[in-house]
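Dear colleague,

Please find below the structure that I am handing over to you.

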Amino acid sequence: MKKLIEISTVVIFILSITFSSCKKYDDGPMISLASKKSRVVNKWVYESVMQNGVNTTSFYTAVYDYIELKKDGSISCVKGAVSINGTWAFDSKKENIITTIASDVKTNKILKLKSDEMWLEEENLLGAITYHYKSK
């Protein structure tokens, strides 16, 4: 019985170390069987946008109906029948998404990445902007 308790303790310790090191993004998820790319590829709508603690969601929803990140690395920002296109990619550690639309290059830190929810953060001259997206 004592041996079983010792083995159980070791297994629990190893599992807790393994799962705590699996969490790549600040706000989760803890672990996912889907690849990062398959979770990003989607049509996304703004759930909320916060700039320096101020809710600016209505500004962003007035500009785009949705943003589509495609498997081939292209991005489309859509408002009605108008689409502005560019490219997207992960950085080398898959901690950031880099988008290029026209000559505007933006780097957004991934805070949360699920197949139906994505949180990104951007730092610019005006401060921090946090984007919460949900799948369309």
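**Overall fold**

The protein chain contains three helices and nine strands; helices (H or I, at least four residues) and strands (E, at least two) are DSSP runs, numbered from the N terminus. This is a predicted model, in which local features need pLDDT of at least 70 and side-chain atom pairs count only at pLDDT 80 or more, while totals for chains, interfaces and linings use all residues. Residues are numbered from 1 along each chain as its sequence is written, and side-chain values use heavy atoms, with hydrogens and water left out.

Along the sequence, the elements of the protein chain follow the pattern α-α-β-β-α-β-β-β-β-β-β-β. Of its 136 residues, 35% are buried (under 20% relative accessible area, with a 1.4 Å probe and protein chains only). The protein chain exposes about 8600 Å², of which carbon and sulfur atoms supply 60%; accessible areas come from the Shrake-Rupley method with a 1.4 Å probe.

**Strand 4 and its partners**

Strand 4 (residues 74-79) is largely enclosed by the rest of the structure, because five of its six residues are buried. Strand 3 (residues 66-69) runs antiparallel to strand 4 and is joined to it by four bridges; two strands pair if DSSP finds at least two bridges between them. Within this pairing, E68 stands opposite S76. The hairpin of strand 3 and strand 4 has four residues between the strands, and G73 there takes a positive phi near 90°.

Strand 4 also pairs with strand 5 (residues 82-90), again in the antiparallel sense, over six bridges. Here V78 has S83 in strand 5 as its bridge partner. In the hairpin of strand 4 and strand 5, two residues lie between the strands, and G80 takes a positive phi near 60°.

E122 is buried yet has no salt bridge (a side-chain nitrogen of Lys or Arg within 4 Å of a carboxyl oxygen of Asp or Glu). The nearest side chain of opposite charge, K106, is 4.1 Å away. The side chain of E122 does make a polar contact with the side chain of Y131, at 2.8 Å; such a contact is a pair of N or O atoms within 3.5 Å, where within protein one must be able to donate a hydrogen and the other to accept it, and residues adjacent in sequence count only if both atoms are side-chain atoms.

Yours sincerely

Definitions and conventions. Buried means under 20% relative accessible area, exposed over 50%, partly exposed in between (1.4 Å probe, protein chains only). Lys and Arg count as positive and Asp and Glu as negative; His and the chain ends are not counted.
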